[in-house]
Amino acid sequence: MTRAPLSLKIAALAGLAFLHIPLLFILLYCFTTEEKSYAFPPPGFTLKWFGVVWGRADIWAAVGLSLKVASIATLLALVLGTLAAGALARARFFGREPISLLFVLPIALPGIVTGIALRQAFGLMEIPFSVWTIVLGHATFCIVVVYNNAVARLRRLSPSLIEASMDLGADAFQTFRLVVLPNIGTALLAGGMLAFALSFDEVIVTTFTAGQQSTLPIWMLSELIRPRQRPVTNVVAVLVILVTFLPILAAYYLTRHGEAVAGSGK
Amino acid sequence: MHAHAAPLVLPAVRFAGVVRHFGAVRAVDGVDLAIAPGEFFAMLGPSGSGKTTCLRLIAGFEQPDDGHIEIFGETVEGLPPYRRAVNTVFQDYALFPHLSVGENVAYGLRVRGIGRADRDRMAREALAMVKLSGMETRRPAQLSGGQRQRVALARALVVRPKVLLLDEPLGALDLKLREEMQSELKGLQRALGLTFVFVTHDQSEALSMADRVAVFNEGRIVQVGPPEEVYERPATRFVARFVGSANVLEAREALALGAPARPSSLRPEKIVLLAPGAPVPEGAALVEARVTDVSYQGPVRRVSAVTGEGLALTAAVPATASGVMAGATVRLAVPAGAVRPMGGEQ
């Protein structure tokens, strides 16, 4: 093993610093006493913004809505994405390639196009904007994430495993539950978490598909325009970091274990 | 197509005019077949000959496009694999990677709703039968190829199939393990009295294990019979060449060797290499030929030679024979009766 040259080490450290120092500033300005601008260094430190956040109903409504939308969109994506992957992973039929392309398109398409398209479609069909229009908007790209993860894992799954299960007397449902699901479980977990994270901080599609509701990202955006109580946004941002970091850590440990078991025979 | 007398026993597996095509390819092209209960039946052929598709038709992974399939008298067309009393040992073993060895073996019992205590006991017994006691808690990834094969065997046998299907069961094993498994499979089949149907492209495997061999070529069965018959009396050129690489003789070539003027086969090991000056055996035809190639194969040398009339022959002679080298002229004796006439033109 060769040692990395000093210049490379410095470049790596600089890269990491560039990624993480802004996060530290978010943390720092949670405690500042100056509420109108982010002056450096902060003139004083206080914990009062945590109390302010605790008392503001609009924040909790936004957090609640974001969690609700992300949960429903992820659930929808898990069911539909897995079904689509199951159909397209192995079967050969006319139009298979165009269909899989159409599945992946929403994530390649700029969110602004998806947003406008959905807004116009909802308008034409006279569907009023609600939580459900936001969920549908998010599901378009959440499905892709789950589908991509599931289809990759399904293609690695030996087709004879499914045949062996049927051969031993299991019907399609038992085979799915006892053989397919355990073997693609970690892929679904990874896909589901990514879908949840994408939905949780989505701004563009949400802007076009939401009515009066504001999800957490939309709330933050509107808060930045207001000149007062700026550190409140920082406190919320830190809470979001904490809340998203824990499941990612958990998923990392879960899938690491799963890979070791499922992959060691390969 | 009805036999004159009703068969004394119901065949374990019966095919009548079975056809299966994939697009324009007729993988199975009109196969008739009757496998007797308790028989060790081999389906032998090169890849793409339709043997594996036939096995999959019995298992239910494929459905016939035409014809009729019965398992112990029961029509099985349209029945999914999980409704058939047959089980398969897969070529790649297809062990479930997320389950332990014990759970793999118990899988068929589990989906049948048998309680944990009973299925654990039955799985233990099945693993003991294939000499893998105490391996229950291991993962398939921790086993050797031979052990995985045994787990696959135990998993298929524990649900008590009426017919056991084996897809190239020894293909992935090394030579020594293969010989060991051959006798073990044979012993297991005899002890259980089960019908075993296995697919192989290895003629020696088919000849050594099977009670009867069906030779497949281009989606059809070209010959069925006991190993001795298939080997000694190949019905067609294809069988003669594929099973034990026999010499195939045209009618006039057979005539020149003192046999009836019909297309015939001649096994390389039937040809005798005569020492210089040795007398020609009674009734044998003598051929003088120039050696074109010699390959050493352990106990024998395979000698390719051409006679003055242009007849190319391959002979298997004892490896100890001297004076056999490319370019040398040898005297070969073809004993009476070694040239076997063939029927088909294929």
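A salt bridge is a side-chain nitrogen of Lys or Arg within 4 Å of a carboxyl oxygen of Asp or Glu. By this rule, one salt bridge crosses the interface of chain A and chain B. The model is predicted: local features need pLDDT of at least 70, side-chain atom pairs count only at pLDDT 80 or more, and totals for chains, interfaces and linings use all residues. Residues are numbered from 1 along each chain as its sequence is written, chains are lettered from A and ligands numbered from 1 in the order in which they are written, and side-chain values use heavy atoms, with hydrogens and water left out.

**Chain A**

- Chain A has eleven helices and zero strands. Helices (H or I, at least four residues) and strands (E, at least two) are DSSP runs, numbered from the N terminus.
- The C-alpha atoms of chain A fill a box of roughly 75 × 65 × 30 Å, taken along the principal axes.

**Where chain A meets chain B**

- Contact means heavy atoms within 4.5 Å. Chain A brings 22 residues to the contact and chain B brings 25 residues.
- The size of an interface is often given as the accessible area lost when the parts come together. Buried area here is the accessible area (1.4 Å probe) that two parts lose on being put together, summed over both.
- Between chain A and chain B the buried area is about 2,000 Å², and carbon and sulfur atoms give 60% of this.
- On the chain A side, D167(A), L168(A) and L178(A) lose the most area to chain B, together 35% of what that side buries.
- The side chains of E163(A) and R56(B) form a salt bridge (2.7 Å, N to O).
- Eleven residue pairs are in polar contact between chain A and chain B (both at pLDDT 80 or more). A polar contact is a pair of N or O atoms within 3.5 Å; within protein, one must be able to donate a hydrogen and the other to accept it, and residues adjacent in sequence count only if both atoms are side-chain atoms.
- In chain A, α7 (159–167) and α8 (172–200) each supply at least two residues of the side that touches chain B.

**Two domains in chain B**

- Chain B is divided into domain 1 (13–241) and domain 2 (264–341). The bounds come from an automatic or database domain assignment.
- The centres of domain 1 and domain 2 of chain B, taken over C-alpha atoms, are 39 Å apart.
- Six residues of domain 1 of chain B are in contact with five residues of domain 2 of chain B.
- The area buried between domain 1 and domain 2 of chain B is about 600 Å², with 32% from carbon and sulfur atoms. In domain 1, Y231(B), E232(B) and R233(B) lose the most area to domain 2, together 72% of what that side buries.
- Two salt bridges are counted between domain 1 and domain 2 of chain B. The side chains of E232(B) and K270(B) meet in a salt bridge (2.8 Å, N to O).
- Helix α7 (residues 227–232) of chain B gives the largest share of the domain 1 side that touches domain 2, three residues.

**Within chain B, and overall**

- Over residues 13–243, chain B is 36% helix and 26% strand.
- The structure holds 21 salt bridges over all chains.
- R20(B) and E62(B) meet through their side chains in a salt bridge (3.1 Å, N to O). R20(B) lies in strand β1 (residues 13–22) and E62(B) in the loop between α1 (51–59) and β4 (66–71) of chain B, so the pair ties together parts that are 42 residues apart in sequence.
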